[in-house]
Amino acid sequence: MAEKSSKNKNGKKARSKFSDVAIRLIKEKPLGTVGAVITLFMLFVGIFAGWLAPHGMNEMFTSYVMVPPSAQFPFGTDNLGRDIFSRVIYGARISVIVGLTATFISVVISTTIGVMCGYIGGKFDLIVQRFVDAFMCVPGLVLLMVIVSMVGPGMWQIIIILGIQGGIGGSRMMRGIVFGIKENTYLQAALAIGDSTWIILTRHILPNILAPIIIIFSMNVPGTILAESGLSFLGFGIPPPNPSWGGMLSGDARTYMFQAPWMALWPGLALSVMVYGVNMFGDAVRDLLDPRLRGGVGRYGVKVKRKDAANSQTSNS
Amino acid sequence: MRAYIIRRILLMIPTVFLVSLIIFVLIRMIPGNVVDMMVSEFGTYGNVTQVDRKAIEHALGWDVPIYIQYGRWLNGIVHGDFGKSLWKQVPIIEDLKVRWPVTLELGILAIIIGQLIALPIGVYSALRHDTGGDYIARSFAILLIAVPSFWIATLAIVYPSIWWGYMPPLTLIQFTQDPIGNLKMFWEPALILGMGMSGMTMRMTRTMMLEVLRQDYIRTAWSKGLRERTVVIRHALKNALIPIVTIIGGQMGALIGGTVIIESIFNLPGMGRLTINAISTRDYTVVSACLLIFSVSLVVFNLLTDLTYGFIDPRIHYN
């Protein structure tokens with residue numbers, strides 16, 4: 001560990017650290033690698049949906065209404081004669097956009113609130129945290145539904161709402177991390193030599209919370225994707241003609257599913273595969289960057305990795 | 001212990017107060033308010049003048065400053081009066097009395113089923129650590145986390161009806177009238193909700209059991225010649241339970257969201273469907289009441305989780 005940090009002092013540290021993590025991912029975490037492949041695949045499908053989809057997302061084939069899966073329509077068609085395969089492909093784009101941007105916003109908000117609370121501390125922290133407490137007592141999905149009804153459905157509204165909601169909830173974790181950093185000697189030293197607040201925040205605190213930020217980002221993406229699809233499913237998300245995976249399972253489609261069960265199958269399957277992949281990838285990233293964040297309380301916390309456990313008696317270093 | 005409980009309950013008061021403030025302000029921030037909706041609704045029958053608008057606002061009690069409105073609302077709730085539904089003009093409390101038990105039953109059944117799935121598989125997975133069975137169990141746990149409950153529920157409604165012509169009952173059967181019919185109605189939604197909860201618990205159970213099974217006192221228990229069941233349940237699981245309970249407690253918010261989704265799929269007339277209907281018709285008094293009740297139940301759940309630690313681990317003292 002010490003050896004690596006000394007290596008990281010030179011300029012190309014970000015790059016070497018990145019490839020280091022990537023190599024360890026493939027070597028140590030087979031499930032994480034599978035997750036990474038799924039994540040990259042979904043990202044690819046989402047970005048190039050326009051080229052990959054054989055038909056338009058709202059293109060209707062009026063003579064092919066509710067056709068079972070066939071060579072022409074691999075996943076069948078829905079009650080309006082739209083190709084489900086193409087819609088599932090376009091759905092990946094929505095999930096990717098919402099998952100990444102909303103989580104990005106939420107991480108920015110968590111970091112801002114968390115760093116402010118952690119750094120300023122005192123009464124400010126106390127008051128803000130009471131509000132965060134109260135906010136976290138309101139069940140997320142119901143709160144999201146209420147806010148969507150306020151601002152109206154739509155992709156950007158959903159992204160911003162999910163971002164704010166996740167951001168407030170996640171600020172607790174960032175705050176704890178900043179509090180931990182404040183205890184360190186190097187921060188005391190920076191304060192003692194009279195560094196400005198800006199320097200302390202950008203040069204001392206930010207670099208040290210970068211790993212947790214990446215971890216929180218990768219761990220929150222699947223939850224955000226699920227929240228979006230859940231909202232769209234209830235009719236409070238991305239409005240109907242857009243092929244959101246959650247939305248494809250709801251509304252009018254539900255009455256036709258009994259005649260065309262394939263309509264119920266594919267969007268949910270795509271969603272499950274994506275959430276599975278991103279989840280696995282996020283877990284692996286967390287284990288590689290900072291296994292302490294795995295959870296657990298006090299001395300119950302997991303400190304020894306599973307594989308190390310077997311040979312811990314021989315090489316306990 | 002009693003002093004601790006009393007102090008915790010007193011500490012709940014400011015939290016609940018803040019929650020109520022957040023809910024009230026949030027709902028008042030909604031732009032297209034219900035008065036506009038009512039005006040346009042009544043407007044189709046004739047001309048609505050400024051006077052009618054004032055009358056509607058007065059009838060809703062919205063013609064006074066917002067802090068007085070908040071005071072009235074809070075005062076009513078303290079006295080068990082959640083106000084009236086804006087559209088139906090019936091006291092909300094009557095609706096809540098019917099719907100709350102449905103959601104509560106669904107939630108409790110889901111928690112029980114979730115643990116019945118999670119704990120045995122999690123323990124098995126830890127005991128057979130790194131074997132085929134462990135890998136299958138772990139993949140199962142990940143699957144439970146990844147698969148959204150509304151998809152499983154949709155499949156569970158669509159496919160049985162196509163294959164066997166089975167439909168879950170559509171009207172609510174009261175537990176007091178027909179317990180078996182009631183359980184027949186609730187087992188499927190509760191199972192799906194419970195499955196959604198169990199993935200996380202299963203993983204935590206496995207991790208904690210692995211941790212505890214390495215401890216010296218477990219080795220002692222084995223070498224005393226105790227039965228496997230005693231070692232695993234009495235010595236290991238009991239000591240692994242605290243983080244597991246933390247995880248279960250942390251899932252309550254998601255569980256409430258889950259009941260909203262599952263109720264709307266299985267046509268259960270619970271709080272979730274009440275909330276969805278109220279939001280779509282902009283019935284804000286009902287929305288605030290539902291949000292408040294959901295939030296207070298979360299606060300109570302958190303308290304119960306904290307109190308459970310003391311029962312699990314007698315070393316924890318509350319003072």
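A crossing of two helices is called right-handed if the near helix is turned clockwise from the far one by less than a right angle, and left-handed if anticlockwise. In this predicted model, α11(B) passes α13(B) in a right-handed crossing. The points below present the helices of chain B, the packing of that pair and the side of chain B that touches chain A.

**Overall makeup of chain B**
- Chain B contains 13 helices and zero strands.
- Its pattern along the sequence is accordingly written α-α-α-α-α-α-α-α-α-α-α-α-α.
- Of the 319 residues in chain B, 39% are buried.
- Among contacts in chain B between residues at least 6 apart in sequence, 71% link residues at least 24 apart.

**Packing of α11(B) with α13(B)**
- Two packed helices are described by the angle between their axes and the distance between the axes.
- For α11(B) and α13(B), the angle is about 145° and the axes lie 10 Å apart.
- From α11(B), Met252(B), Gly253(B) and Ile256(B) meet Phe294(B), Leu298(B) and Phe301(B) of α13(B).
- The residues of this contact comprise five nonpolar, one polar and no charged.

**Contact between chains B and A**
- In chain B, 45 residues are in contact with 37 residues of chain A.
- Helices that each supply at least two residues of the side of chain B touching chain A include α1 (2-28), α6 (132-146), α8 (179-213) and α10 (228-250) of chain B.
- α7(B) provides the largest share of that side, eight residues.
- By class, the side of chain B that touches chain A consists of 33 nonpolar, ten polar and two charged residues.

Key: Residues numbered from 1 in each chain as written. Chains lettered and ligands numbered in written order. Predicted model: local features only at pLDDT ≥ 70, side-chain atom pairs only at ≥ 80, totals over all residues. Contact = placed C-beta atoms within 7 Å. Helix = DSSP H or I, 4+ residues; strand = E, 2+ residues; numbered from the N terminus. Nonpolar A, V, L, I, M, F, W, Y, C, P; charged D, E, K, R; others polar. Buried ≥ 20, exposed ≤ 12 C-beta atoms within 10 Å, placed from the backbone. Axes fitted to C-alpha atoms, helices over the stretch in contact; angles between N-to-C directions.
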